Amino acid sequence: MKKEYKIFEVTEAKEEYARAIEKLLPQLTSSQHTFTTANLQHLINSKETHLFLLQTEETIAGMLTLCHTLSPTGGKIWIEDVVVDSSQRGRSLGRALVQHAIKYVRDNHPDATLMLTSRPSRVAANALYRSAGFVPKETNVYSMKFDD
């Protein structure tokens, strides 16, 4: 069976990538986000962040970000902003993105702990993460936003 997609790390701030990401963001979060080519350039300039896009024959259909942090307890790499376009779901593309991230971390940062968070209401996503080998960690997640 022919693979109908490719996953690649974004290394250039192309306008077409920024537009695709901006189109995916409302499917990820209800918070409004504007994503520009300048935002993309800033993101790919960071050595601690790796943005991967999944491209089907038709379009950019998904994304996943890896964020590397180092603390006294060791390296942690967080999977963030996993989303597959609603028109492309049901094709195991989310699984492909997660497996790609696991392989990337295993190959490049084998001593790091790979982590992620997911809302309990995202039933399919949580099932995917468990089936990929992630184990729920008993913790509370807190956040704080700073408005201008």
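Analyst: First, a term. Helices here are DSSP runs of H or I with at least four residues, strands are E runs of at least two, and numbering starts at the N terminus. The model is predicted.

Begin with the second largest pocket. It holds about 400 Å³ of space. Its lining has 20 residues, and Val84, Arg89, Gly94, Arg122 and Ala125 sit closest to the centre. Which elements supply at least two residues each? They are H1, S4, helix H3 (93-108) and H4. H4 gives the largest share, 5 residues. By class, the lining splits into 10 nonpolar, 5 polar and 5 charged residues.

Now the helices H3 and H4. Two packed helices are described by the angle and the distance between their axes. The axes of H3 and H4 come within 11 Å. They cross at roughly 40 degrees. Angles under 35 degrees would count as roughly parallel, and the roughly perpendicular range starts at 65. H3 and H4 are therefore oblique to each other. Their crossing is right-handed. On the H3 side, the contact uses Gly94, Arg95 and Val98. On the H4 side, it uses Leu128, Tyr129 and Ser131. These contact residues divide into 3 nonpolar, 2 polar and 1 charged.

Turn to the largest pocket. Its volume is about 1,600 Å³. It is lined by 43 residues. Glu80, Leu116, Thr117, Ser118 and Arg119 lie nearest its centre. Two or more lining residues come from each of helix H1 (15-28), strand S3 (60-71), strand S4 (74-84), strand S5 (113-116) and helix H4 (123-131). S4 makes the largest share here, with 5 residues. The lining counts 23 nonpolar, 13 polar and 7 charged residues.

Finally, the link between the pockets.

Definitions and conventions: Residues are numbered from 1 along each chain as its sequence is written. This is a predicted model: local features need pLDDT of at least 70, side-chain atom pairs count only at pLDDT 80 or more; totals for chains, interfaces and linings use all residues. Side-chain values use heavy atoms; hydrogens and water are left out. On a 1 Å grid over the protein atoms alone, a cavity is a set of points where a 1.4 Å probe fits but cannot get out, and a pocket is an open set with protein on both sides within 12 Å along at least five of seven lines; lining residues have an atom within 4 Å of a point. Grid points are joined across faces, edges and corners, and a volume is the space filled by probe spheres set on the points. Ala, Val, Leu, Ile, Met, Phe, Trp, Tyr, Cys and Pro count as nonpolar, Asp, Glu, Lys and Arg as charged, and the others, Gly among them, as polar. Axes are lines fitted to C-alpha atoms, for helices over the stretch in contact, and angles run from 0 to 180 degrees between N-to-C directions. Angles under 35 degrees count as roughly parallel, over 145 as roughly antiparallel, 65 to 115 as roughly perpendicular and the rest as oblique. A crossing is left-handed if the near helix is turned anticlockwise from the far one by less than a right angle, and right-handed if clockwise. Contact means heavy atoms within 4.5 Å.
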